Amino acid sequence: MNATPRTALTIAGSDSGGGAGIQADLRTFFACGVHGMTAVTAVTVQNSLGVEGFTEIPADVVAAQIKAVAGDMGVDAAKTGMLATADIILEVSKTLDEADIGRDAHSPLVVDPVAASMHGDPLLREEALEAIRTELFPRATVVTPNLDEVRLLTGLEVTDRDSQRRAADALLEFGPRWVLVKGGHLYDDPECVDLLSDGVQYLELSGRRYETPHTHGGGDTFAAAITASLALALGVPDAVAEGKRFIERSVAESYPLGGGVGPVSPFW
Ligand code: PLP
């Protein structure tokens, strides 16, 4: 018999194509050596060409999944991805408090503020953005927006390192312990530079940019790798640096699949 492993919980949507969402999170947790658990928030109908639509899971069922695993197996770290509706966000926030998960709680929480797919298909009902800002951000150990999500959440356009820093400051106002403003979508930058800040430290993490169109699930994989490192008891800067190495390698190992955008791969 083996020892009990560390555990990580993803609260996110299902991607029928297997590239993003809970499928990406579970693969990443497995690759990082932690036991993955899931609270499914929505079922998307999608493939490499885009998201055709989604159906959300009732908020009380999402909460019950979190309670079931937290009360029995324990959660060493958790992440949120696609949350679909304001109802689900409110219920998840309350349940995370009860389960002692969050920035001032026993177990750390990574909030990936997923709003739309890379094809521009919505993954969040419109009224839910405000709930992410007001309910989830103040509970987050680290939030991991990309530049599109930064624009939606703050109205700020990030075009260079200075504006990336201003965006980090604006996001910290919503109350997370740390923010990671991902710079991967600054395509004229030869490197992918992400900025991690808690308002005191401003840490630039730079990584190689790979010329691949196949980056589906990249954001989920990055946030899941950070969550796994937090579950393994690393501090936030070390966990993010570890996650950065992990996503860089996963993008390098991405593969074509279907007629559109293929997934990044956490296996190598
Ligand atoms: N589907 C689900 C369930 C997701 O959680 C996400 C992203 O978080 C996506 C699709 C979109 O992924 P991408 O933007 O990499 O296509």
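Analyst: Two strands count as paired if DSSP finds at least two bridges between them. Strands (E, at least two residues) and helices (H or I, at least four) are DSSP runs, numbered from the N terminus. The model is predicted, so local features need pLDDT of at least 70, side-chain atom pairs count only at pLDDT 80 or more, and totals for chains, interfaces and linings use all residues. Residues are numbered from 1 along each chain as its sequence is written.

Nine strands build an open sheet of mixed pairing. Their order is S3-S2-S1-S4-S5-S6-S7-S8-S9. Strand S3 (50-56) and strand S9 (202-208) stand at the edges. Each has a single partner strand, so one side of each lacks a neighbour in the sheet. S3 pairs with S2 in the antiparallel sense, over six bridges. Within that pair, Thr-44 has Phe-54 in S3 as its bridge partner.

Helix H1 packs on this sheet, touching S1, S2 and S4 (contact: C-beta atoms, placed from the backbone, within 7 Å). Its direction makes about 150° with that of S1. Axes here are lines fitted to C-alpha atoms, for helices over the stretch in contact, with angles from 0 to 180 degrees between N-to-C directions. H1 spans residues 21-31, and eight of its 11 residues are buried, so the helix is largely enclosed by the rest of the structure. Buried means 20 or more other C-beta atoms, placed from the backbone, within 10 Å of the residue's own. Charged side chains are on the list: Asp-25 and Arg-27 are among the buried residues of H1, as are Ile-22 and Phe-29. The buried residues of H1 pack against S1, strand S2 (35-47), strand S4 (77-80) and H7. Just after the helix, Gly-33 takes a positive phi of about 85°.

Now to strand S7 (residues 178-181). Both of its faces are covered. Trp-178 and Leu-180 are buried on one side, Val-179 and Val-181 on the other. In a regular strand the side chains alternate between the two faces of the sheet. S7 runs parallel to strand S6 (residues 142-143), joined by two bridges. With strand S8 (residues 191-197), S7 pairs in the antiparallel sense over three bridges. Helix H6 (residues 161-172) lies across S6, S7, S8 and S9. H6 runs at about 145° to S7.

Notes:
A residue is buried if 20 or more other C-beta atoms lie within 10 Å of its own, exposed if 12 or fewer, and partly exposed in between; C-beta atoms are placed from the backbone. Two residues are in contact if their C-beta atoms, placed from the backbone, lie within 7 Å.
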